[in-house]
Amino acid sequence: MHTHHPGEVTRMTQTVAVLGTGKIGEALLSGMIRAGWPASALLVTTRRADRAAELRTRYGVDAVTNADAAKRADTLILAVKPQDMDRLLDELAPHTSADRLVISAAAGITTATIENRLPPGTPVVRVMPNTPVLVDEGMSVISGGSHATAGHLAHTEEIFGGVGKTLRVPESQQDAATALSGSGPAYFYFLVEAMTDAGILLGLPRAQAHDLIVQAAIGAAVMLRDSGEHPVKLREAVTSPAGTTINAIRELENHGVRAALIAALEAARDRSRELASGNG
Ligand SMILES: NC(=O)C1=CN([C@@H]2O[C@H](COP(=O)(O)OP(=O)(O)OC[C@H]3O[C@@H](n4cnc5c(N)ncnc54)[C@H](O)[C@@H]3O)[C@@H](O)[C@H]2O)C=CC1
Ligand SMILES: O=C(O)[C@@H]1CCC=N1
């Protein structure tokens, strides 16, 4: 008896192209290969020939032109910067057809903007992934455009679900999701960097300070994910009466760290909105 994973048939018969293979494009490509996509079903496009050669060697995938990718691939994943999207859509439009699924990972760019530039009826899905897709702990936030069916969304989840979690949201929430989740890892890296500096100030060697903070981050992250407890409860459990932690917390409050984070994520959301209007 054979048991078929519903995704298997799709995977064997579908070609997926990653257009623009920079940081997020390559992260996704490597994740798809780890998740079992055959290299023969994957195409990439790049701006530079040496980059194409590098990706061919590293992953065994074919590097082609954007026009060829549009002709050959069933699913096109657009992973160029929002500022480069206009030009990419110009290159694709004459060669693609409405039976292609177009997935955009670009911050800010709406499905309507992409639909308007491609053959009428083209299904478009907007996804905001993040770089932890590199370690299969990504978060990909997904919204369908006006021609995206349940099947298109499921196919998108199959691709991005191989490298982490997925969540569907209405497209009106994508700018917020970008601020929280797309940019989110950067805030944690920033905190680790700052706290490692603090360790230096307190006299620890940099490597030890780094390791202590990273392990605190991992421990805290796993507890946040697995304990089912509210973050306030978890923090209270660390904060002993008249102890060390409360002294640190008072300084964080004095320096407005909570308000700073709220303002920071609001600024990221606003920038995502600006990028929608092609504001380089
Ligand atoms: N870096 C991140 O954490 C995340 C990035 N994104 C989105 O992913 C997109 C790419 O971001 P990054 O990977 O950080 O930038 P990146 O600059 O590393 O990658 C973009 C790549 O696209 C290539 N490119 C540009 N125009 C091209 C064209 N016409 N044909 C072929 N290749 C072309 C560039 O040479 C570059 O390698 C952006 O739209 C960004 O909003 C989304 C989620 C997270
Ligand atoms: O910084 C950016 O614009 C991209 C989108 C989300 C993460 N990186």
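Q: What makes residues 171–275 a helical span?
A: This is a predicted model, and in it the span is 82% helix and 0% strand. Its end C-alpha atoms lie 15 Å apart. UniProt lists these residues, in an unreviewed entry, as "domain: Pyrroline-5-carboxylate reductase dimerisation".

Q: Why is strand 6 called largely enclosed?
A: A residue counts as buried if 20 or more other C-beta atoms lie within 10 Å of its own. Five of the five residues of strand 6 (residues 124–128) are buried, so the strand is largely enclosed by the rest of the structure.

Q: How do you know that both faces of strand 6 are covered?
A: In a regular strand the side chains alternate between the two faces of the sheet. Here Val124, Arg126 and Met128 sit on one side, Val125 and Val127 on the other, and all of them are buried.

Q: What makes strand 5 and strand 6 a pair?
A: Pairing takes at least two bridges. Strand 5 (residues 101–104) and strand 6 have three, in the parallel sense, and serine 104 stands opposite arginine 126. To get from strand 5 to strand 6 the chain goes through helix 6 (residues 111–117), and this β-α-β crossover is right-handed.

Q: And what makes strand 6 and strand 7 a pair?
A: With at least two bridges needed, strand 6 and strand 7 (residues 138–144) qualify with four, in the antiparallel sense. Valine 127 has isoleucine 142 as its bridge partner in strand 7.

Q: Why are strand 3 and strand 8 called edge strands?
A: The open sheet has eight strands in the order 3-2-1-4-5-6-7-8, with mixed pairing. Strand 3 (62–63) and strand 8 (164–168) each pair on one side only. Elsewhere in the sheet, strand 1 (residues 16–19) and strand 4 (residues 75–78) run parallel and are joined by four bridges; valine 16 partners threonine 75 there.

Q: What makes a residue part of the shell around ligand 1, and which are the closest?
A: Its C-beta atom, placed from the backbone, has to lie within 6 Å of the ligand. That gives 27 residues, the closest being Gly20, Gly22, Lys23, Ala106 and Ala107. Helix 2 (23–34) and helix 5 (85–92) are the elements that give two or more residues. By class, the shell has 11 nonpolar, 10 polar and six charged residues.

Definitions and conventions:
Residues are numbered from 1 along each chain as its sequence is written. Chains are lettered from A and ligands numbered from 1 in the order in which they are written. This is a predicted model: local features need pLDDT of at least 70, side-chain atom pairs count only at pLDDT 80 or more; totals for chains, interfaces and linings use all residues. Ala, Val, Leu, Ile, Met, Phe, Trp, Tyr, Cys and Pro count as nonpolar, Asp, Glu, Lys and Arg as charged, and the others, Gly among them, as polar. UniProt positions are given in the numbering used here, feature names are shortened, and annotations may be inferred rather than shown by experiment. A residue is buried if 20 or more other C-beta atoms lie within 10 Å of its own, exposed if 12 or fewer, and partly exposed in between; C-beta atoms are placed from the backbone. A crossover is right-handed if, with the strands pointing away from the viewer, the path from the first strand over the helix to the second runs clockwise.
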